[in-house]
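Trainee: I am new to this structure. Could you walk me through the terms as we go?
Mentor: Gladly; let us look together.

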Amino acid sequence: MNKPLDHEALPAQGGWSREVNLLAAAVPPIFQTSLFTFDTYADMAAVYAGRSHQLIYSRGDNPTVMAFERAVAELEGAEAGRAFSSGMGAISATVLALVSAGDRIVTVRNVYSDAYRLFELMLSRFGVVVDYVDGTDAEAVEAVLPGAKLLYLESPTSLAFELQDIARLARAARTHGVVSVIDNSWATPLFQRPIAHGVDLVVHAASKYLGGHSDTVAGVVVGSAELVGRINASSYAYLGAKLSPFEAWLLLRGLHTLPMRMARHMSSGLALAERLRAHPDVELVRHPAFSDHPGRASLSGFAGVFSFEVGEAIDVPTFVDALRLVRIGVSWGGPESLVVPALAPLQLAKANCFARFGISPRLIRLSAGMEDETLIWADIEQALHGARR
Ligand SMILES: *Cc1c(COP(=O)(O)O)cnc(C)c1O
């Protein structure tokens, strides 16, 4: 019988050792198995006694998933990673591993909407309190850090695209013994590597750019072996949001083209942002490239998602309905260009903080896809024209 797989046999580089990929296939196998068997009682007992790391069950470890975890950890410059069935799976398991009843979290206004709902609708029931601070104002964040348990950043923020000085805030968090976490889904490790700036843990909605094809919902957290170990020991296996081997394989495939895709999203996004900024019916373009905030220093490039606010002359529903190439839909980071008019989710504003922090109902988020940028612009321009009152 084959020797069962061992943690230690798995490689760095997001690649695969010969032990895992016996036949040296150019594209390694999907380990579509729920469990791993033991040759003997002694082999099984050794695992439970912590003397062996042989794999047990795919709600814990699976080789295809582990290859993806290693790949993202390596891209982010982290020691370890843990993958999940969604970005929210990663975020909830991370936060729940680190806070207890009575603890306080400091986060940024306009944090990703479902992270906000996790804090407000769920953690509040367990006595966890959350401070929402203007993350652009480092002093305001520093003022509320003493006594907090967790600093939860997202730079730039969803919809508003507000930046944070992550190096400064990570340093302040460390001074006060606060664990820092950042949602780095927008920048990806190609354009921002928060661990190098002192942030403790990095979470991703791998559903967005890491996967990159709008075919997978997934998440991942990376950081020190100690902190990822805490997540493993206290929430990961019990919340049960594990990633499937097939989806890990799709994500590994997506990572091959991440540099090319991000280069394309960046150039299209910048070109479209410039054109929108010059358009008479557009009042404001929220793109980190146009910001002079110190938080720009940690960005080595710009993703293709940003937002803009149209003037009074434009009817927002008419505008989005007039788009032909660009489609209406949530999520982002895939091949297709997408818009979200803030007006639609703003109707959920009762359960949300957007309205409280001045996001205009005239705001539209655009995810620049992989189509020819001149075609995307032609579509936006004709739709703006058609939506003039
Ligand atoms: C989509 C998203 C998430 C959540 O990811 P899911 O995979 O949808 O659970 C978290 N953070 C940001 C910034 C996102 O855009």
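**Pocket and rings**

Mentor: The lining of the largest pocket has 17 nonpolar, 10 polar and six charged residues by class, where Asp, Glu, Lys and Arg count as charged, Ala, Val, Leu, Ile, Met, Phe, Trp, Tyr, Cys and Pro as nonpolar, and the others, Gly among them, as polar. This is a predicted model, in which local features need pLDDT of at least 70, side-chain atom pairs count only at pLDDT 80 or more, and totals for chains, interfaces and linings use all residues. Residues are numbered from 1 along each chain as its sequence is written, and side-chain values use heavy atoms, with hydrogens and water left out.

Trainee: Why is the pair of Phe119 and Tyr152 called edge-to-face?
Mentor: Rings of Phe, Tyr and Trp (its six-membered ring) pair if their centres lie within 6.5 Å; planes under 30 degrees apart count as stacked, over 60 as edge-to-face and the rest as tilted. The centres of Phe119 and Tyr152 are 5.6 Å apart and their planes are at 85°, so this pair is edge-to-face.

Trainee: What makes Phe246 and Trp249 a stacked pair?
Mentor: Their rings are 6.0 Å apart, centre to centre, with 20° between the planes.

Trainee: Why does Phe246 count as partly exposed?
Mentor: Buried means under 20% relative accessible area, exposed over 50%, and partly exposed in between (1.4 Å probe, protein chains only). Phe246 has 40% relative accessibility, so it counts as partly exposed. Phe119 and Tyr152, by contrast, are buried.

Trainee: What makes Arg82 lie over the face of Tyr236?
Mentor: The rule asks for NZ of Lys or CZ of Arg within 6 Å of the ring centre and within 35 degrees of the ring normal. Arg82 lies over the face of Tyr236 at 4.0 Å from the ring centre.
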